[in-house]
Amino acid sequence: MARRVFFSFHYQRDIWRVNQIRNIGEIVGASAAGFHDASLWEEAKKKGDAAIKAMIDEGLKNTSVTVVCIGGATSGRKYINYEINQSIARGNGLLGIQIHELKDKNGNTDVVGVTPALLVNASTPVFKYVSHDKLKLRIEEAAKAAGK
């Protein structure tokens, strides 16, 4: 079944890693807080917190699962708790995926990131990224666990 998925991650640090996994065929309309390129992110930052939160809310529309891509600095991101809380409020399935072993644009891997506290508190399953097939399976499991 095709799923609409919201990807939560540290844009500046992990966009290269996340782009390697978010274009899976069974995921329709994969969204990342509405930020499809750096110019949108920079424009939203200039407009302030309300504009960024509005972009996050727009990105979450019609999604059934939120995948929190956990890199070396994800848990320290300013908007991570907002994205997780909004996902919980929507009833989205939640899933944490460790992406530290994926290479960035310079061919470097990252340190294992700390799982955001809200994911831990929500007993969200967290897995290391292994393959597209495993990620598709985990997304489907998260959707079913949320009744979606």
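Visitor: Two strands count as paired when DSSP finds at least two bridges between them. How many bridges join strands S3 and S4 here?

Guide: In this predicted model, S3, which covers residues 93–98, pairs with S4 over three bridges. The pairing is in the parallel sense. As an example, Gln98 stands opposite Lys128 in S4.

Visitor: OK, and what is the order of the strands in the sheet?

Guide: The order is S1-S2-S3-S4, in an open sheet of four strands with parallel pairing. S1 (5–8) and S4 (126–128) are the edge strands, each having a single partner, so one side of each is left without a neighbour in the sheet. From one strand to the next, the twist averages 25°.

Visitor: Which helix packs on that sheet, touching S3 and S4?

Guide: That is helix H6, residues 132–145, and it also touches S1 and S2. The direction of H6 makes about 150° with that of S3.

Visitor: Back to the pairs. How many bridges do S1 and S2 have?

Guide: S1 and S2 pair over four bridges, in the parallel sense. Phe7 has Val67 in S2 as its bridge partner.

Visitor: And S2 with S3?

Guide: S2 and S3 pair over six bridges, again in the parallel sense.

Visitor: How many residues of S2 are buried?

Guide: Six of the six residues are buried, so S2 is largely enclosed by the rest of the structure. In a regular strand, side chains alternate between the two faces of the sheet. Both faces of S2 are covered: one side has Val65, Val67 and Cys69, while the other has Thr66, Val68 and Ile70, all of them buried.

Visitor: What about the chain as a whole, what percentage of its residues is buried?

Guide: Buried residues make up 45% of the 148 residues. The chain holds six helices and four strands, and along the sequence they follow the pattern β-α-α-α-β-α-β-α-β-α.

Visitor: Changing topic: at what angle do H3 and H4 cross?

Guide: The axes of H3 (residues 49–60) and H4 (residues 80–90) cross at roughly 40° and come within 11 Å. That angle makes H3 oblique to H4. The crossing is right-handed.

Visitor: Which residues make the contact?

Guide: H3 brings Lys53, Ile56, Asp57 and Leu60, and H4 brings Tyr82, Glu83, Gln86, Ser87 and Arg90. By class, the contact has three nonpolar, two polar and four charged residues.

Visitor: One last spot. Where is Ser75?

Guide: Ser75 lies in the loop between S2 and H4.

Visitor: Is Ser75 buried, partly exposed or exposed?

Guide: The relative accessible area of Ser75 is 33%, so Ser75 is partly exposed. That class lies between the limits of under 20% for buried and over 50% for exposed.

Visitor: What does Ser75 touch, leaving aside its neighbours within four places in sequence?

Guide: Ser75 is in contact with Ile80, Val114, Thr115 and Pro116.

Note on methods. Residues numbered from 1 in each chain as written. Predicted model: local features only at pLDDT ≥ 70, side-chain atom pairs only at ≥ 80, totals over all residues. Heavy atoms only, no water. Helix = DSSP H or I, 4+ residues; strand = E, 2+ residues; numbered from the N terminus. Axes fitted to C-alpha atoms, helices over the stretch in contact; angles between N-to-C directions. Contact = heavy atoms within 4.5 Å. Parallel < 35°, antiparallel > 145°, perpendicular 65-115°, else oblique. Left-handed = near helix turned anticlockwise from the far one by under 90°. Nonpolar A, V, L, I, M, F, W, Y, C, P; charged D, E, K, R; others polar. Buried < 20%, exposed > 50% of the residue type's maximum accessible area, 1.4 Å probe, protein only.
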